[in-house]
Amino acid sequence: MPISAPLLTLARDLKRRKARERQSLFIAEGVRAVEELLRSPLQIRGALGTDAVRRLPRGEALVAALAARHLPFDEVSEKDFLSAADTEHPQGILAVAEVPSQTITSLRLGPMARMLVLDAIQDPGNVGTLVRTAAAMGAAAVVALPGTADLWNAKVVRSAAGAHFRLPLVHSSIDELLAFLTETHIPLWGTAADGAPIGEVAAPQRLAIAVGNEGAGLSDRIRAAVAHMVSLPMAAGVESLNVAVAAGITLYALRQ
């Protein structure tokens, strides 16, 4: 049964955060993102694409993989696809899938774990890179606090290069985060220029590490809640690093 109009309308709607939250759905856009999505256990509703994707070797294989799983693939005009796509120069395919049902209280961390906390990180590209970096550094979960870009924003999903499908990701209020850390006996550390040099501290087996807003740093409430503040020693004349780069170095330095 043709479903192009409903799926196209849905994909357009999911460009809005409120729609994603209301329907618990997100968009994975581009060949690589849809490939990674198909390898994941997430539930996929269907895919949209243009005839251009079939002319790409990986695109043709992707359409075949969707068919093999009996997932709908609707071919639409380039104009219609652009109305649903998030990128300026899209690859001609996107998929709609269900956001995993998970909250901070449902996280189950092992005896050795690192959790990355995003405190009002606003840029979707930075958030996606942070998720990708956390996965690469073996973090157990990523928690996004208020003010952080939606973890399921299409640009965040694309920037994370498949990490969304391998790592627990949750949005949380500060109160919920602090209650969870207290209950699970996980200390919270923060990153700031005035912190102790990271090479001079011994990290516990389980640890939550908070990184702050690109311009303002950590919020006052998170600053007040951290047990230790750590910093990355830098060469003279260099004031700061991109938040995703700094988080990657921090996670590597504090790896188990």
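F26 is buried, at 0% relative accessible area; here buried means under 20%, exposed over 50%, and partly exposed in between, with a 1.4 Å probe and protein chains only. This is a predicted model, so to speak of local features pLDDT has to be at least 70, side-chain atom pairs count only at pLDDT 80 or more, and totals for chains, interfaces and linings use all residues. Numbering runs from 1 along each chain as its sequence is written, and side-chain values use heavy atoms, with hydrogens and water left out.

There are two aromatic pairs in the structure. Rings of Phe, Tyr and Trp (its six-membered ring) pair up if their centres lie within 6.5 Å; planes under 30 degrees apart are stacked, over 60 edge-to-face, and the rest tilted. F26 and W152 have ring centres 4.6 Å apart and planes at 50°, so this pair is tilted. It ties together distant parts of the chain: F26 sits in strand β1 (residues 25–29), while W152 is in the loop between β6 (141–144) and α7 (154–160), 126 residues apart. W152 is buried too, with a relative accessible area of 6%. Ring pairs join F26, W152 and F165 into a cluster.

S24 has a positive phi, near 55°, despite not being a glycine. You'll find S24 in the loop between α2 (17–23) and β1, where it is partly exposed at 37% relative accessibility.

H70 is another non-glycine with a positive phi, about 60°. Its spot is the loop between α4 (57–68) and β3 (73–75), and at 73% relative accessibility H70 counts as exposed.

## The whole fold

Zooming out, the protein has 10 helices and 10 strands; these are DSSP runs (helices H or I, at least four residues; strands E, at least two), numbered from the N terminus. The radius of gyration is 20 Å, close to the 18 Å from the globule rule for 256 residues, so the protein is as compact as a globular one of that length. That radius is taken over C-alpha atoms, and the rule is 2.2 Å times the number of residues to the power 0.38. Along the principal axes, the C-alpha atoms fill a box of roughly 60 × 40 × 30 Å.

Of the 256 residues, 49% count as buried. Looking at contacts (heavy atoms within 4.5 Å), residues 24 or more positions apart make up 78% of those with a separation of 6 or more.
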